[in-house]
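Hi,

Here is the structure I promised to pass on. Have a look at it first, and then read my notes below.

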Amino acid sequence: MNSGLIARRYATVLFDYARERGIEDGVYEDTRNIREALSVSAEAMAFVCSPVRKPSEKKRLIEQVFSQVVKAETIQFLNFVIDKDRAVMLCEILRVYGVVYKEHKGIRTAVVTTAKVTESHMQERIKQLLEEKLGAVVEASFKDDPSLIGGVIVEVDGRQIDTSIKRQLIDIEKQLAV
């Protein structure tokens with residue numbers, strides 16, 4: 001079976017379970033925090049994904065590391081994933097939970113790239129403009145890329161608008177090459 005489909009099924013089950021209890025926002029934060037923690041600790045990730053480790057050892061680690069910082073329901077779900085021998089897919093399941101959560105909440109994801117670091121008041125204004133234009137809540141992240149020279153690249157849900165000077169220069173170069 002397709003691993004993406006499996007991750008989607010598990011994530012959807014978690015979302016439905018959390019929504020029934022009115023805790024989907026908290027579980028969303030939990031899944032982000034757990035993914036982040038596992039991504040920065042290669043040892044913990046290897047331990048959880050190891051086929052050699054017993055499920056009881058994996059669950060003990062999950063309990064020790066996360067029980068004080070995430071909801072009991074999230075811990076139960078992690079244990080469920082481990083019991084079903086899907087620990088290798090844990091980060092993907094948690095990532096897809098974020099996708100399912102955002103779909104149900106109508107949240108759009110944007111990455112805004114500028115030539116230099118964007119000040120916080122400008123970030124807020126850009127986010128506000130995106131929300132007005134898209135008619136949805138926008139979760140925006142900002143990064144800088146000096147090679148753009150100026151302008152901005154906005155990527156929303158995988159679609160990109162590139163108004164950077166770098167892009168314009170590339171386009172002009174292509175036209176002159178003809």
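**Starting from strand 1**

T114 sits in strand 1, which covers residues 107-114. Before going on, please keep in mind that this is a predicted model. T114 is buried, since its relative accessible area is 11% and the cut-off for buried is under 20%. Leaving out residues up to four places away in sequence, T114 touches K143, D144, D145, L148, G151 and V152. As for K166, it is 52 residues from T114 in sequence, while the C-alpha atoms of the two are 11 Å apart in space.

**The cores**

How many residues does the largest nonpolar core have? The count is 32, and the residues with the most contacts inside it are I34, I62, L90, I93 and Y97. The elements giving two or more residues to this core are helix 1 (3-21), helix 2 (24-40), helix 3 (42-49), helix 4 (55-66), helix 5 (72-83) and helix 6 (90-105). Apart from that core lies another one, of seven residues, including I126, L130, V138 and V154.

Not counting residues up to four places away in sequence, L90 touches L38, V48, L78 and V81.

**How the helices pack**

Let's take helix 5 and helix 6 to begin with. Their axes come within 11 Å and cross at roughly 135°. That angle makes helix 5 oblique to helix 6. The crossing of the two is right-handed. On the helix 5 side the contact is made by F77, L78 and V81, which meet L90, I93 and L94 in helix 6. By class, the residues of this contact of helix 5 with helix 6 are six nonpolar, no polar and no charged.

Next come helix 2 and helix 6. Here the axes are 9 Å apart, and the packing angle is about 145°. Helix 2 passes helix 6 in a left-handed crossing. From helix 2, the residues E24, D25, V27, Y28, T31, I34, R35 and L38 take part, and they meet L90, C91, L94, R95, Y97, G98, Y101, K102 and K105 in helix 6. Sorted by class, the contact of helix 2 with helix 6 has nine nonpolar, two polar and six charged residues.

That leaves helix 3 and helix 4. They pack at an angle of about 145°, with 9 Å between their axes. Helix 3 brings A44, F47, V48 and C49 to the contact, and helix 4 brings E57, K58, L61 and I62. The residues in this contact of helix 3 with helix 4 split into six nonpolar, no polar and two charged.

**Out in the loops**

Which loop holds P51? P51 is found in the loop between helix 3 and helix 4. P51 is exposed, with a relative accessible area of 78%.

As background, most residues other than glycine have a negative phi. I149 has a positive phi of about 70° although it is not a glycine. You will find I149 in the loop between strand 2 (137-144) and strand 3 (152-156). Is I149 buried or exposed? I149 is exposed, with a relative accessible area of 53%.

D157 is the other one, with a positive phi of about 50° although it is not a glycine. D157 belongs to the loop between strand 3 and strand 4 (159-162). At 42% relative accessibility, D157 counts as partly exposed.

Cheers

Definitions and conventions:
Residues numbered from 1 in each chain as written. Predicted model: local features only at pLDDT ≥ 70, side-chain atom pairs only at ≥ 80, totals over all residues. Heavy atoms only, no water. Core = buried A, V, L, I, M, F, W, Y, C linked by side-chain atoms within 4.5 Å. Buried < 20%, exposed > 50% of the residue type's maximum accessible area, 1.4 Å probe, protein only. Helix = DSSP H or I, 4+ residues; strand = E, 2+ residues; numbered from the N terminus. Contact = heavy atoms within 4.5 Å. Axes fitted to C-alpha atoms, helices over the stretch in contact; angles between N-to-C directions. Parallel < 35°, antiparallel > 145°, perpendicular 65-115°, else oblique. Left-handed = near helix turned anticlockwise from the far one by under 90°. Nonpolar A, V, L, I, M, F, W, Y, C, P; charged D, E, K, R; others polar.
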